[in-house]
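Trainee: I have a structure open and would like to learn how to read it. Please take me through some features one at a time.

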Amino acid sequence: MTTKPPTPSSGADAGTEAVSRPEEKAPSRWVPVWRFTVSVLRMPSGLVGVIVLVAFIGLALLAPLFIHPSDLSVTQATGPLLAPPQKGYPLGTDQAGRSVLDLVVWGARASLAIGILATLLTMILGAGVGLIAGHSQGPIGRMLMHVTDWFIALPTLPLAIALAAVLGQGAASITIAIAFTAWTGTARLVRAQVLAVEGRPFIERARALGATDTQLVTRQVLPNVMPLILVSSTLTVASAILAEATLTFLGLGDPTSVSWGSMLNTAFMQGAVTAGAWWYLIPPGIAILIIVLGFTLVGRSVEHVLNARVQPR
Amino acid sequence: MSAAPSPAPRRSDEVPLLEVRDLAVTYHSQKEPVYAVRGVDLTLRRGETFGMAGESGSGKTTVAMSLLRLLPAQAETTGRVLFDGEDLLDASWGRIRAVRWADASVVFQGAMSAMNPVQTVGAQIAEPILLHEKVTEREAQARARSLLDSVGVPSRRVNSYPHELSGGQRQRVMMAMALACDPQLVIADEPTTALDVIVQAQILALLTDLVRERGISLIMITHDLSVLTQTCDRIGVMYAGKLVETGPSLEVIGAPLHPYTHALSGAFPTLGDPRSRRAPGGLAGDPPDLRQTFDGCPFAPRCPLVQDRCRHGEIPLVSQGNRAAACVLVPDGEGGPHA
Amino acid sequence: MSNVLQLESPAVSGAHEAPERSDFLPYLARKAGAACMSFFMLLVVGFALFNLMPADPVSALTRGRPTSDAQMSHLRHELGLDQPLWERFLTYVGHTLTGNLGYSYEYHQSVSSLIADRIWPTLLLMGSSTLISIWLGMWLGIRAGWRPGGTLDRSSTAVSLALWSVPTFWLGLILLVLFGSGSVGGVPAIFPAGGMQTEGTGGGWSPGHVADVGWHLVLPCVTLVAVIFAQYVTIMRSSMIDERGNPYLLTARAKGLRDEVVRRHHVVPNALLPVVTVIFLQIGTMIGGAITVEVVYSWPGLGYLTFTALRIPDLQLLEGTFIIFSAAVIFCNFIADLLYRALDPRVRRQ
């Protein structure tokens, strides 16, 4: 690391270097990304997390190749009704005769999609607010901070329920509701980081060299805040997936689509509990557990690698 | 041999209050053992004040803490610590806890962190009294008040919390605490570091007065030699875990025998002495690495008067009357490097 | 008596006088003011959410029921929907402050009376779960913090992580299917399949009724505890670790105190300070957990009420429960601020 010439996307002084020596050819931008990925994979928690994520996401993306719409249709399913695991149905069937295994695999698509989309929204909203609140010293910044602090105090589930109920059932409402309750955490983190970064001398140097506000934010502040946003987003996806499951379970999701939360909702509403259909109830939860752990592990190892860079031991 | 329970009636001076023989402390917390103290002997009579000087890491605090076995679990202590004739290193934990504070107490450095922030000052002074003596809470509180009075803190402060007092007041409270059970020995670990010069002088004067009035022995630890000359009858200078010089304080500082002592006292300019203003003072080189055992004198790498015979073999403490120094340049009975 | 000159007068040494008790009042006033401000903001958000966003509250109310236009405009007038926005807001604020939270057309009852009916079961569930979580969390946290990195520490961290990574309601479902259904393997239904009481066990505080409710309370309580106890373990543990390294512990040992006495009298009281405030600060998280637990176990509390309100959707009722939950959290944060100040003498100076 110490022998490599500084690249635009790494290090605290990255921005100033670019400003002062624009004619020097920067090395490939992908090198630091590669090195970063390798460091994350070197950690056992990082490796396990990445394997889990790749497996699940791969499975979710490839699912249409081996699951036909008829397998998922309530009317066209051919299996025995609410049957325990048996030959041909490794995880048993649901009340309509669909294979639970098919449902779990297909459910990954909706759960992951909503989780990731909600996180994207959260990051944009939260990072946006955080950047503005941290960067502007005036009344706007203070007001944004007060609003953020106040929002944090509101209980998340009641707020999400209220919002999703008002917006109507559906995946979009859930996504918006999750983003609306989760942005505050990111905003706070980003704001604190922006304040820390802007306190450093290289910002003053850049200002003295004539950088405008926008330039400052995009080229100096943002690269130093991005790592934090990255870590935060992996952990946010984990909680977004949990939130999606909860909101869908409560009946706020799209009734026609299959997700892990909707599986549990259907199971619950149609008496799988009293029937003792544990094979229907356990897999979606286990799937959630594994993928949440996957994101958490990746998030922690990313954080570890980034911290090790900032404070080399 | 059972020791008398505290507070004991003051005996005559034949038996020294404290005798330390061949004290050695090794820390086993890291990969390599750290030899913090490597064989220290000292004797302390009743009412005597002894100062221990040396740079950080010389082992002076370790020696002091080891007397009451206050070192962490990773520290291995060998040797003998005879307090009033009783070997504390051999005693049971119950006996040690009984001796602690009642016979020998400690004034720690950094009074703000050495006190419990959520307990009143009065409660903290009363705590050892209630532990070691059979008194009521009311009596203990009353004694706390009078102790505060005797150290110059208004007694109504007995209900204050540590953060509500000034730095100097906190240090006085630490002293009041140390005197709570009428000990025979007080160990003061850097009692005036982090205080400004005026307050420092007041605290030292107070400490000297208190121990003299009550006939208490004092061990004072500091890196500041000038402090020791004010308060201590005798001084011991430590380097790399060993005592390199001992003797009456004025003599040791005025005419040091060991080159290290000379360098230490040179580092503090003396008012009115034009020579010390021009001399560079301060020591070249790095402090010794306590993980290694030394062949010869540990000060050899930094000593301006080093010779070949300094680098090999054990350099023992050589006595000169009531003084001693561990230096090859000190012949028996004659002057030191300056003679 | 020594002749020490008392040169350190307060003016010279800069010592502070012990704070008067009246210092507390300005602090109280400030925090109360902030809480009121938060509550006002809550009303604004509540109003915006439930009155501005839905396209037409009246069509939501009369969904599925044939209503003539005249009836709808009459309804609109009754609900004050034909008035200007700011007037509606003022009416809304006035109603809320006087306890009028609207009317539920589904239950044919005022929202506030519905809430009053269901608040006790929720309080019972949350209260008992908090008490058990505190006890469990502190027991684990003190020991984990006294020996960090040890087996207890690491295993409790692993368990907490696993419990956090699953949805609360799923835990509830599993427990229910295992212990409440009697249909899995050979496990009999040790606990009831839901609800808060069985018919015919008497009422009020009769021993039979109390025991019956308690028996119904076990599974929901265990589920909720599984989710929230981890917070107490964490806070107690890190508190202990912080306090362990403190120099004043050496002073306490030097005085001759035994290790356990040092732990009990010096470390734990200092480590407890943050725990007390955490209790109130984590109410928000617990409410989320309580809602899902009530749904799974059909526990007739505010959470279950919210759930049934969702299905219609009964917007007035939803709004009422939303206001109540959020107001409770604002209040608890206020209490946390007060307690923090009252308990820690160091903070009193502000």
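Trainee: Which strands of chain B does helix H6 (residues 167-179) of chain B lie across?

Mentor: Helix H6 of chain B lies across S6 and S7 of chain B, and runs at about 175° to S6(B). Helices (H or I, at least four residues) and strands (E, at least two) are DSSP runs, numbered from the N terminus. Axes are lines fitted to C-alpha atoms, for helices over the stretch in contact, and angles run from 0 to 180 degrees between N-to-C directions. Two residues are in contact if their C-beta atoms, placed from the backbone, lie within 7 Å.

Mentor: A word on the source. This is a predicted model, in which local features need pLDDT of at least 70 and side-chain atom pairs count only at pLDDT 80 or more, while totals for chains, interfaces and linings use all residues. Residues are numbered from 1 along each chain as its sequence is written, and chains are lettered from A and ligands numbered from 1 in the order in which they are written.

Trainee: What is the order of the strands in the open sheet of chain B?

Mentor: Strands of a sheet pair through backbone hydrogen bonds, either parallel or antiparallel. Here the eight strands run S6-S7-S8-S3-S9-S10-S12-S11, with mixed pairing. Two strands pair if DSSP finds at least two bridges between them. The edge strands are S6 and S11 (318-320) of chain B, each pairing on one side only. From one strand to the next, the twist averages 20°.

Trainee: In which sense do S3 and S9 of chain B pair?

Mentor: Strand S3 (residues 49-53) and strand S9 (residues 234-239) of chain B pair in the parallel sense, over four bridges. B:Gly51 has B:Ile235 in S9(B) as its bridge partner.

Trainee: Is B:Trp101 buried or exposed?

Mentor: B:Trp101 counts as buried because it has 26 C-beta neighbours inside 10 Å. The cut-offs are 20 or more other C-beta atoms within 10 Å for buried, 12 or fewer for exposed, and partly exposed in between, with C-beta atoms placed from the backbone.

Trainee: At what angle do H9 and H11 of chain C pack?

Mentor: Two packed helices are described by the angle between their axes and the distance between the axes. Helix H9 (residues 207-244) and helix H11 (residues 259-281) of chain C pack at about 145°, with axes 9 Å apart.
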